Amino acid sequence: MANDEQKPRNLNKQLLADSLAERMGLARSVAAEAVETIFDICAWTVAQGCTVSITNFGSLERVDKKSRMARNPHSGARIEVPARKAIKFNVSPRLNEFANSANPEDATIRKQAKGPSRS
């Protein structure tokens, strides 16, 4: 493997901020604050019971889980799991298409411009 080739790696908030800073020409601290703010806004919105929908990526929504009976795998005893709220992520069809493309390096999930292309 050549030195200029990079193996894909998992992405966390810090790496996301670093990529944002590099692509947008921002200071790392500004990019990190932008990423934190975006996730804060998304988390607060979902916690309020609203949906966060990101075009061509997916949507987050809070769902109610009913109480249910479960079995303790160690003892075999039946226990009641109380009702709770959970977060559900629905992947957009465009992101699924992107993930299954033959050459994801050559593809994008960006929204394509409508109308005739200018050549």
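**Notes on the predicted model**

1. The protein exposes about 10400 Å², and carbon and sulfur atoms supply 52% of it. Accessible areas here come from the Shrake-Rupley method with a 1.4 Å probe; for residues, only the protein chains shown count as cover. Of the 119 residues, 13% count as buried (buried is under 20% relative accessible area, exposed over 50%, partly exposed in between; 1.4 Å probe, protein chains only).

2. Keep in mind that this is a predicted model, where local features need pLDDT of at least 70, side-chain atom pairs count only at pLDDT 80 or more, and totals for chains, interfaces and linings use all residues. Residues are numbered from 1 along each chain as its sequence is written, and side-chain values use heavy atoms, with hydrogens and water left out.

3. On confidence: the mean pLDDT (the predictor's confidence in each residue, from 0 to 100) is 87, and 82% of the residues reach 70 or more. Where pLDDT is low, the predicted coordinates should not be read in detail.

4. The fold runs α-α-β-β-β-β-β-α along the sequence, with 3 helices and 5 strands. These are DSSP runs, numbered from the N terminus: helices are H or I, at least four residues, and strands are E, at least two.

5. A search of the whole structure finds 4 salt bridges (a side-chain nitrogen of Lys or Arg within 4 Å of a carboxyl oxygen of Asp or Glu). One of them joins K13 to E36, with the closest N and O atoms 3.2 Å apart. That pair links helix α1 (residues 13-24) to helix α2, 23 residues apart.

6. D18 and R28 form another salt bridge, at 3.5 Å from N to O. D18 lies in helix α1 and R28 in helix α2, so this pair ties together parts 10 residues apart in sequence. D18 is buried, at 19% relative accessible area, while R28 is exposed, at 58%.

7. Since D64 sits in strand β2 and K85 in strand β5 (residues 84-91), the pair ties together parts that are 21 residues apart in sequence.

8. M69, in strand β3 (residues 68-71), is worth a look too. Its C-alpha atom is 5.7 Å from that of I79, 10 residues apart along the chain. M69 is partly exposed, with a relative accessible area of 43%.
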